[in-house]
Amino acid sequence: MTPDPDEDGFDAGTLGETIATDPIIRGTDVVKEYETGGQIVRALKGVDFSIAPADFVAVVGPSGSGKSTLLNLLGLLDVATSGEVRLRGEDVSTFTDREQTRKRKETIGFVFQSFYLIPTLTALENVEMPRMLDRTPTKTRERATQLLERVGLGDRLDHYPDELSGGQKQRVAIARSLINDPDILLADEPTGNLDRDTGDQILELFDELRSDENVAVVTVTHDDYVAEAADRVVTLIDGRIRDTESRRANFEEGPDP
Amino acid sequence: MNPLRWLVGRFPTLALARRNLSRATLRSALAVAAVVIGVVAIGAIGTGGEAFKQDQLEAYEGFGGTATVEPDVQFEDGNLTNTELSDGDIGRLRQATPSATVLPVHEPVGATVQTQAGTLLFMARVKGLENPGEFYEARNGTISDNWRRTIVIGSRVAEQNDLQPGDRLRVNVTDEFDRSFEIAAVLEPQGFSAPLGADQTVFVPASEFESDGYEQAIVRVDTTTGSIDEATQAIEREFNAREQVVRVEQVQEQREQFEAFFGTVNQFLIGVGAISLLVAAVTIANTMLMAAIERESEIGVLRAYGYPKRAVVSLLVAESTILGAVGAAIGAPLALGIGMAINQLLLGDPLAFTAAGLRYVGIGIAFGIVTALIAGLYPAWKAANKRPVEALD
């Protein structure tokens, strides 16, 4: 069934402005329904989105508004009930589980809200984890060490998660999300557990990743501070996009020195 | 890069699996213990059973080319008839098998054996034989070729009553004699299945008996010159042409029967041992299911980061297989140790393993590992098929 975008008087919003670069992932009229206890819950009621390289998008909205569902769709963890999601032009609904898994590995880096670090692995090994099966241990180790140094944990390589503070765990989780050189970083409350200084470091790191490596960052956040740093803020309410505030600010069109 | 790092890099799944197991040490240890019990059960029952069989089969050595002849006892009108072989029967046996040696055996009913102090030896049987030295080796003392007026006793009779050569026993055989004999020799242990039940027997020289009735005769053929099969057939023709008068059994046949019987018993016991491995499989499946549920979100993270289902299955199956392998690694030496103890006890040599016995240890190891692997499959499959979205909620 095709949802009527105007069914309750709101236009289906859009995450994407017209951008020169090709989008990494683009969704058109995306609907996502869940069945819980015999009832069908419509988490997304027809949204359009488009994420291009080096974008920094903050998704805000009350809980239950569909933010996590949107993040799951962007992360290829789930497929839309209707509408179309295209990853670099390919319809993701045609992917087999194996292809989906592979694309996820190639394209997406996740930073989960509760980190999900593996307690039996050291900080370094946790960062290496996504590439542990690649049989390139030396290269992986170098890259992981480099990433941990970059997030300021060069002196905590051999610490286990229970020996790290919340902020340190968060930074390990971010380093881990970058080990596969993703095109998009999906971060659920990336600064939720951090003090302002560390939060600033994370945001600086995001900027660096965007300018140096063209990584797009999509974050779900309640933190206005993060939202202010983003160049687009998307407000989701009740499965619809209510508002897209575009700043298109900082690095891309910044004044030349 | 140190060797351990290298190994971790080469076999990341195994390294991850091992660390995951170390998370719930007690639970892993219990699962391992279950496998150990199973492997030990199969291995020890197998090697022990083989040692026991060897021990019993030794009793048949020296009985090649030998058959026993017994009257086919009938029960008619409340009376037992045809209970013994007469002197005439023995003569006919000798005629039918001219190349064989025929040794009549007295096995009197109503014989009692007492020590000097008057203790009755309930378990001891009395048999009259011309020369036990033909079949048996003496453990202590000597069996003279011209054996008269002394007795030779089986190993269990000696052990149970603490008897040595030189001691005396009083033997009473109804209607025959009642006198005291000096023990000339104690025989080597023969095992419970020995053709004459030698371990529990007090051998009295046949010359002590006056009656001409024999309960059994031993027919012996020198296998280099004659055939026990022919002798058996000749006896059958002579005695059993019209009706069954005697039962002829080759010791070799008895040995085969024993082996077959024992094989069945041993297989049954190993089956019982295998049940303990089945229990181990249930334990491991349970351990792995719990691990999979506990780590659901972690597995979801692996999947989110691009681990294919297959990798998750490998990881969990590796965990359960490690449990099985560790259990087998602990269980196998234990089973061998128990086997060595049984070998020492029964065969006098701790290393007297037979190929068949060792095979059971091998089977135990293989079963232990394979059951663990199979037990891990379902939990692993279940964990791998959980959608990461659900697992991460």
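Contact here means heavy atoms within 4.5 Å.

**View 1. The contact between chain A and chain B in a predicted model.** Chain A contributes 29 residues to the contact, and chain B contributes 27 residues. Together the two chains bury about 2,800 Å², of which 60% lies on carbon and sulfur atoms; buried area is the accessible area (1.4 Å probe) that two parts lose on being put together, summed over both.

**View 2. Salt bridges and polar contacts across the interface.** Four salt bridges are counted between chain A and chain B, each a side-chain nitrogen of Lys or Arg within 4 Å of a carboxyl oxygen of Asp or Glu. One of them joins A:Asp97 to B:Arg303, with 3.2 Å between the closest N and O atoms.

**View 3. The side of chain A that touches chain B.** Two or more residues each come from helices H2 (97–107), H3 (123–128), H4 (137–150) and H5 (166–177) of chain A; helices are DSSP runs (H or I, at least four residues), numbered from the N terminus. H2(A) gives the largest share, four residues.

Residues are numbered from 1 along each chain as its sequence is written, and chains are lettered from A in the order in which they are written. In this predicted model local features need pLDDT of at least 70, side-chain atom pairs count only at pLDDT 80 or more, and totals for chains, interfaces and linings use all residues, while side-chain values use heavy atoms, leaving out hydrogens and water.

Note on methods
A polar contact is a pair of N or O atoms within 3.5 Å; within protein, one must be able to donate a hydrogen and the other to accept it, and residues adjacent in sequence count only if both atoms are side-chain atoms.
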